[in-house]
Amino acid sequence: MSEHKIILEEQLHDRLVSVVGSTAKKRDELHVFLGGARPSVYRLSRRHLLMFLLICGSSLILLYAYWDVMMLSAMGAGSDLEPKMSAGEPLALKLEKEVRVLCWVLTTPKYHKTRAVHIQRTWGKRCNKIYFMTSEPDDELETIVLTKPDKYEVLWGKTKEAFTYIYENKLDEADWFMKADDDTYVFVENLRHMLYPYSPDMPIHFGFNYKLFSSQAKNASYMSGGSGYVLSREALRLFVHGLNDSSKCRQEDDHAEDVEAGACLFHLGVPAGDSRDSKLRNRFYPLAPYSQLLSKYNGMDFWLFKYAYYNPRACMDCLSNYPVAFHYVAPEELYEYDYLNYKFELFGRTPVVEHLPEKIAPDQLSIPISDNR
């Protein structure tokens with residue numbers, strides 16, 4: 001009996017020795033043997049831990065990339081399928097380089113300090129170049145001194161001289177040439193965006209279209225001088241070269257400047273473009289904004305409704321969200337326009353997804369006829 005007990009003890013001793021002296025797995029078996037339960041904690045090796053971290057990191061990167069792609073796709077689906085700007089360069093800066101606009105303002109010495117200088121300090125500084133056409137120089141302004149007298153009766157003569165000077169001396173400074181009055185406000189960024197689809201080598205001009213009653217041809221229009229008009233480089237070339245043709249352009253300096261400019265361009269074969277936006281809302285407007293937003297200020301017999309080439313309306317949704325120019329803007333209002341458009345912020349406003357419109361080839365140009373009978 002005691003021999004049998006001794007044999008059992010030796011077998012137990014041999015088993016304990018083999019477990020203690022073996023691997024970690026064997027030691028775990030010892031715990032099972034002695035305690036009757038498996039250990040609750042497992043230790044990972046450094047190699048396994050590193051592999052685990054790499055897998056987790058890679059998964060997070062893939063999830064973030066998938067989310068980024070899905071967000072970009074969602075933005076693209078909801079923006080009228082128009083070409084998007086690449087990240088990094090602001091749209092306004094890109095357009096400033098690609099759509100160069102030379103602005104020139106018709107003024108007189110008596111308005112240098114009360115009007116012209118305020119244009120230079122506000123919207124004028126956003127033009128690629130700006131010049132003030134006047135009869136005397138001014139140390140605060142980039143003036144071009146004309147030979148014509150400062151009289152309203154010879155505005156057509158001053159306009160001819162101004163465009164001729166620009167063509168002969170400043171043609172390489174810009175692609176488009178914008179004429180404005182000293183009580184005009186121009187949103188230059190919106191002007192560039194509107195012009196972007198058109199090549200400056202295409203003969204065309206834009207503004208607020210009036211009916212050209214003096215022409216025998218149907219569907220002729222001219223641009224309001226008050227809210228300004230802009231000529232392509234090719235339109236400027238044709239205009240200046242044709243000014244001395246008495247069969248197409250008035251040779252006398254009198255009469256309304258915008259009417260005569262429009263008639264001259266029409267007879268020279270320069271199309272009058274449609275500056276309205278895709279919803280047929282005006283971008284150029286020859287009055288202050290409220291006169292088109294609020295119908296109570298003007299009855300149906302208002303002169304603008306009769307002379308406008310395209311059917312005018314007065315309502316809160318009748319002006320484009322991206323206007324180009326207004327007329328009859330007082331000097332102090334220039335700064336109000338600047339503040340409300342370049343400084344003012346509104347919490348909760350949806351950010352605008354910047355885009356560029358499609359280019360328009362010359363054979364794709366289509367200008368609607370008048371719908372205001």
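Let's start with Tyr-307, which sits in helix H11 (residues 303-307); helices here are DSSP runs of H or I with at least four residues, strands are runs of E with at least two, and both are numbered from the N terminus. At 32% relative accessibility, Tyr-307 is partly exposed, a label for anything between buried (under 20% relative accessible area) and exposed (over 50%), using a 1.4 Å probe and protein chains only. Arg-373 is 66 residues from Tyr-307 in sequence, with 9.8 Å between their C-alpha atoms.

A word on the source: this is a predicted model, where local features need pLDDT of at least 70, side-chain atom pairs count only at pLDDT 80 or more, and totals for chains, interfaces and linings use all residues. Residues are numbered from 1 along each chain as its sequence is written, and side-chain values use heavy atoms, leaving out hydrogens and water.

Now for the second largest pocket. A pocket is an open set of points on a 1 Å grid over the protein atoms alone, where a 1.4 Å probe fits, with protein on both sides within 12 Å along at least five of seven lines; lining residues have an atom within 4 Å of a point. This one is lined by 29 residues, and Tyr-152, Leu-155, Asp-181, Glu-257 and His-327 lie nearest its centre. Helix H6 (155-169), strand S4 (176-181) and helix H9 (257-267) are the elements that each give two or more residues to that lining.

Finally, look at Leu-346, in the segment after helix H12 (331-342). Leu-346 is partly exposed too, with a relative accessible area of 47%.
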